[in-house]
Amino acid sequence: MTVITVAAPQGRLSAEQRRALARTLTDAVLVPEVGQLAPAARVGFQVHFVERAPDMMAIGGTLLADLLADAEQDVMVVDVAVMDADWRREVRAEAIERILAALAEACGLPAPSPAWWVNFRVIEDGSWASGGRVLSILDLLDTGVFTEERAKAVRAALSS
């Protein structure tokens, strides 16, 4: 289970951009996590889009409502919550870079804005629940969506 929450100013993302991001953000995390593009694994991912009024977000202590004249103030926060697995620094970095690239592409920009932030949180094994029971990434390793190499790395990371 992975939950990706995108908080942006009201109206920043169109329905078309959200449609594209629903898939590209899912895959941005899915591929590094399981080691391949595995469409069957997408069911374990949710993307939530949260819009905030310009007077409900601030940069540098100033409300966006007061900064709207400055078009360069393009704030977004992406919060990614993933199940404990093999999330070494380089794997997290790959996911974060893919997330920022997906946002830039969906927004038609050559590069991500410096005011876009990504928080990547790993939720401890046994701290996820769905369908009335506590889940573990170990439950998913034998489903065939993980490459053998990634499954081995996840098992090793959780056994240490």
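Mentor: Let's settle the term: a salt bridge is a side-chain nitrogen of Lys or Arg within 4 Å of a carboxyl oxygen of Asp or Glu. Keep in mind that this is a predicted model, where local features need pLDDT of at least 70 and side-chain atom pairs count only at pLDDT 80 or more, while totals for chains, interfaces and linings use all residues. Residues are numbered from 1 along each chain as its sequence is written, and side-chain values use heavy atoms, leaving out hydrogens and water.

The structure holds eight salt bridges. Take aspartate 79 and arginine 121, whose side chains meet at 2.7 Å, N to O. Aspartate 79 sits in strand S5 and arginine 121 in strand S6, so this pair ties together parts 42 residues apart in sequence. (Helices, H or I of at least four residues, and strands, E of at least two, are DSSP runs numbered from the N terminus.) Aspartate 79 is buried at 18% relative accessible area, whereas arginine 121, at 38%, counts as partly exposed. The cut-offs are under 20% for buried, over 50% for exposed and in between for partly exposed, with a 1.4 Å probe and protein chains only.

Now arginine 18 and glutamate 51: their closest N and O atoms are 3.9 Å apart. Arginine 18 belongs to helix H1 and glutamate 51 to strand S2, so the bridge links parts 33 residues apart in sequence. Both ends are partly exposed: arginine 18 at 26% relative accessibility and glutamate 51 at 42%.

Arginine 133 and aspartate 139 form another bridge, at 3.7 Å, N to O. Arginine 133 is partly exposed at 46%, as is aspartate 139 at 41%. Finally, Asp86, Arg88, Glu90 and Arg150 are linked in a network of salt bridges.
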